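Here is a short briefing to read alongside the model. Keep the 3D view open and follow the topics one by one.

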Amino acid sequence: PEYLRHVHRAGLTRYVSTGERHIAWQAVQLPGLHKDGSEVPLELSFGEFVEGGKHFFTGIVRDITDRKRAEEALRQSEEHLRALIENAADIITVLNRDGTRQYVSPSIERSTGYKPEELIGKNPFEIVHPDDAADLRQLFTTGTQQPGFIVTTEFRLRHKDGSWRIHEATAHNLLDDPAVRGIVVNSRDITDRKRLERRLMMQYQTARILAESPSLDAAGPKLLQAI
């Protein structure tokens, strides 16, 4: 393209007179000018030799239009996926083989009060309830030994404020997948759901007791309301 021609000429003149290179001579990416006037992304590699007292320069040029399109499509796909993960209600965690976190999605803060950067690189079992930790560690050990292993479980996590939140999680061993190299855990806070389930169960049990004990009919509405 015309706007780059003077740069090319100046660089060549400088090299001939001083031997100094300001750019690498291998896999240089620059736009080229198509016959129709449009620009084409090119990859260039330069060389030189002397023959018969004359200095010659060589250039190998590759049209990388398709590669650039593929790279742009991949970039857009990655940005789209990142946006989905970062704005999802579920928490995405990727664990290393030793159990430390290599990635935690931003949604972790809504459920636990911790920012991702406070948890990455640390052991996830540190905020697991002591009564749940042993079983969870055993599941993790079993999972790391079986490529493709998938398991769903429930456990309690300590919120930053000291309270306990119930989580449901599905873990998938993708340690052997070169694109992931980790155990992917998809989890969600189900504390409110569990509370509602317990309340409904208590109401059901109370209603059944009342149905079996006519003498408690008068107290029934107050008991159900209290529950």
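Strand β4 (residues 91-95) pairs with β5 in the antiparallel sense, over three bridges; strands here are DSSP runs of E of at least two residues, helices are runs of H or I of at least four, and both are numbered from the N terminus. Two strands count as paired if DSSP finds at least two bridges between them. This is a predicted model, in which local features need pLDDT of at least 70, side-chain atom pairs count only at pLDDT 80 or more, and totals for chains, interfaces and linings use all residues. Residues are numbered from 1 along each chain as its sequence is written, and side-chain values use heavy atoms, with hydrogens and water left out.

**The five-stranded sheet**

- β4 and β5 belong to an open sheet of five strands with antiparallel pairing, in the order β5-β4-β8-β7-β6.
- Because β5 (101-104) and β6 (150-158) stand at the edges with a single partner strand each, one side of each has no neighbour in the sheet.
- From one strand to the next, the twist averages 25 degrees (axes are lines fitted to C-alpha atoms, for helices over the stretch in contact, and angles run from 0 to 180 degrees between N-to-C directions).

**A closer look at T93**

- T93 sits in strand β4, and its bridge partner in β5 is V104.
- Is T93 buried or exposed? With 10% relative accessibility, T93 counts as buried (buried means under 20% relative accessible area, exposed over 50%, and partly exposed in between, with a 1.4 Å probe and protein chains only).
- Not counting residues up to four places away in sequence, T93 touches R101, Y103, V104, I183, V184 and V185; contact means heavy atoms within 4.5 Å.

**Helices on the sheet, and the core**

- Helix α5 (residues 130-144) lies across β4, β6, β7 (164-174) and β8 (182-189), and runs at about 150 degrees to β6.
- Helix α6 (residues 191-212) also packs on the sheet, where it touches β6, β7 and β8, and its direction makes about 120 degrees with that of β7.
- Which residues of the largest nonpolar core touch the most other members? They are V128, I183 and V185, out of 19 residues in that core (a nonpolar core is a set of buried Ala, Val, Leu, Ile, Met, Phe, Trp, Tyr and Cys residues joined through side-chain atoms within 4.5 Å).
- The elements giving two or more residues to this core are β4, α5, β6, β7 and β8, and the largest share, three residues, comes from α5.
- Beyond its neighbours within four places in sequence, I183 is in contact with residues including T93, V94, F140 and L174.

**The three-stranded sheet**

- A second topic is the open sheet with the order β1-β2-β3, made of three strands with antiparallel pairing.
- Its edge strands, β1 (28-33) and β3 (54-63), each pair on one side only.
- On average, neighbouring strands of this sheet are turned by 45 degrees against each other, direction ignored.
- Strand β2 (residues 39-51) is joined to β3 by ten bridges, and V50 has H55 as its bridge partner in β3.

**Positive phi values to check**

- G19, which follows α1, has a positive phi near 80 degrees.
- A27, in the loop between α1 and β1, has a positive phi near 55 degrees although this residue is not glycine; at 44% relative accessibility, A27 counts as partly exposed.
- R181, in the loop between β7 and β8, is another residue other than glycine with a positive phi, near 55 degrees; at 52% relative accessibility, R181 counts as exposed.
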